[in-house]
Amino acid sequence: MSRRRALQLGLGTGLAVALTSCGEDGTSSSGGGDSLGGGSLTGLMRASFIPAIHELQQKQAAAWAEAHDGTVELTFAKEWREQIAAVVESRAGEDLGELFANQAHIYADRLVDLTDLCESIGESNGGWYDVAKDACVVDGRWRAIPRAYTAHVMNWRTDLFEQVGFTRFPGSWSELVEVATRLRDAKLPRVALTMNQAGPNDSASVAYSLLWSYGAAEVEADGRTVAINSSQTREAIKLMQELAAVSAPEISSYDEGGNNTSFLAGKIAVTQNATSIWYTAQKQAPEIAEKMSHARYPAGPVGRQQLVEMNSLAIFGHSKRVEPAKAFYRYLMEPEQLSALAEIAITYYTPLLKNYEGLRSMPWNSEPKLDGLRGLAADGRMPGWPGPASRQSAQAYNNQTIVNMFARVISGKASVDEAIRAAEDELKKVYES
């Protein structure tokens, strides 16, 4: 699909940065010799709920393009994953793409090897967290740059929790059920953690994290043996049933923005999401922003486990401008650019390089409401854990198998055993076929 045709079909709004003049010396900190020579780079990027993220990236692209005699055109689209798939399938179009979750494993043979670049970036910045390698290293080669992860957290109303006797966020899932019950009984806004197909990423964040915290898993550590049919899975589903019974009924229908809207309107007391809710609240609902805070996910019987929502940068194998594309990515990953993105994104883009945790300018070090999010990636997991990140685990994530297992039960469409058997059948088709 051509870029022109994609835009005609409404697949995202193009944000172009076109500059024709060279910098003073024709180079940037990413090094000389990578001039576009009047040509262009094009890319598909993830759209966020924070417009300032797009604006900053435009400015960064402009600064790089000015020194490299060309054009950088980035498209920020909500459907960026579907568009990435179309580009990969056609082997034509964009040079660059922002991948999600385990997509580097799905598209590995269509992506440029970025091993030298990733290793250099890691060495200069204290090393990568393990979860970054899990997401982007395929058969020993880096197929994408782990740019950042989106920290999913519990956005909660401190004032409402205080009314039912809690001055801190619950440390365990069972304690969260207790809070949810008290809120319901007091006829206050309720707990509302998304769990349905319409809100796949928010739902997956809860579903995987809850499953793992109870010692359950979709597959064994060998990455082949399906393990979802277990007593631990039943315990995790039981917890979700108890929580759903005292939660807002909308959890079975929220899309990716529905829980945000309800929280900002004061209709719910807690929901899982990125910190984009707080960003919006400061501008549109300051009375809500003042009374909310953030917390890590609760722990289960085997501790706190959390799915990491990965954002990585790749170069498509069909690109004719691989070296300029590498130079552009090296520039974006320099501390000046990456730290600026992390600051403005308030953990929507959290670096996966260890040196960033201690920087005073990072949101978790400068804002008390985000203090608990420092180092979250250290214990983060990718879909398919404890098995390795793989094409199969990525496919299971895309199929929403784990989300649907929980959703079928809390919506009354299936019993616990029926939902587990359905998930087991789906996973076997992915992992064992």
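A: Ala101 sits in the loop between β4 and α4 (103-106). Helices (H or I, at least four residues) and strands (E, at least two) are DSSP runs, numbered from the N terminus. This is a predicted model: local features need pLDDT of at least 70, side-chain atom pairs count only at pLDDT 80 or more, and totals for chains, interfaces and linings use all residues. Residues are numbered from 1 along each chain as its sequence is written, and side-chain values use heavy atoms, with hydrogens and water left out.

Q: Why does Ala101 count as buried?
A: Buried means under 20% relative accessible area, exposed over 50%, partly exposed in between (1.4 Å probe, protein chains only). Ala101 has 9% relative accessibility, so it counts as buried.

Q: Why is Ala47 called buried?
A: Its relative accessible area is 16%, so Ala47 is buried. Ala47 belongs to the loop between β2 (40-46) and α2 (51-66).

Q: Which residues does Ala47 touch, not counting residues up to four places away in sequence?
A: His54, Phe76, Ala77, Lys78 and Tyr348. Contact means heavy atoms within 4.5 Å. Ala47 and Ala77 are 30 residues apart in sequence, yet 4.8 Å apart in space, C-alpha to C-alpha.

Q: Why does Arg141 count as partly exposed?
A: Its relative accessibility is 36%, so Arg141 falls in the partly exposed class. Arg141 is in strand β6 (residues 141-142). Beyond four places in sequence, Arg141 touches Asp113, Thr115 and Cys136. Arg141 and Asp116 are 25 residues apart in sequence and 9.2 Å apart, C-alpha to C-alpha.

Q: Is Ser339 buried or exposed?
A: The relative accessible area is 13%, so Ser339 is buried. Ser339 is part of helix α15 (residues 335-345). Leaving out residues up to four places away, Ser339 touches Tyr356 and Met362.

Q: What makes the peptide bond from Trp385 to Pro386 cis or trans?
A: Omega is near 10 degrees, and the bond is cis. Pro386 is in the loop between β14 (380-381) and α17 (391-399).

Q: What is the largest nonpolar core made of?
A: The core has 150 residues. A nonpolar core is a set of buried Ala, Val, Leu, Ile, Met, Phe, Trp, Tyr and Cys residues joined through side-chain atoms within 4.5 Å. Ile145, Trp173 and Phe406 have the most contacts inside it. Beyond its neighbours within four places in sequence, Phe406 contacts Met195, Ala207, Leu210, Leu211, Ala236, Ile237 and Met240.

Q: How many helices and strands does the chain have?
A: The chain has 19 helices and 14 strands.

Q: Why is the chain called as compact as a globular protein of that length?
A: The radius of gyration is taken over C-alpha atoms, and the globule rule is 2.2 Å times the number of residues to the power 0.38. The chain has a radius of gyration of 22 Å, close to the 22 Å that the rule gives for 433 residues, so it is as compact as a globular protein of that length. Of the 433 residues, 59% count as buried. Residues 24 or more positions apart account for 77% of the contacts with a separation of 6 or more.
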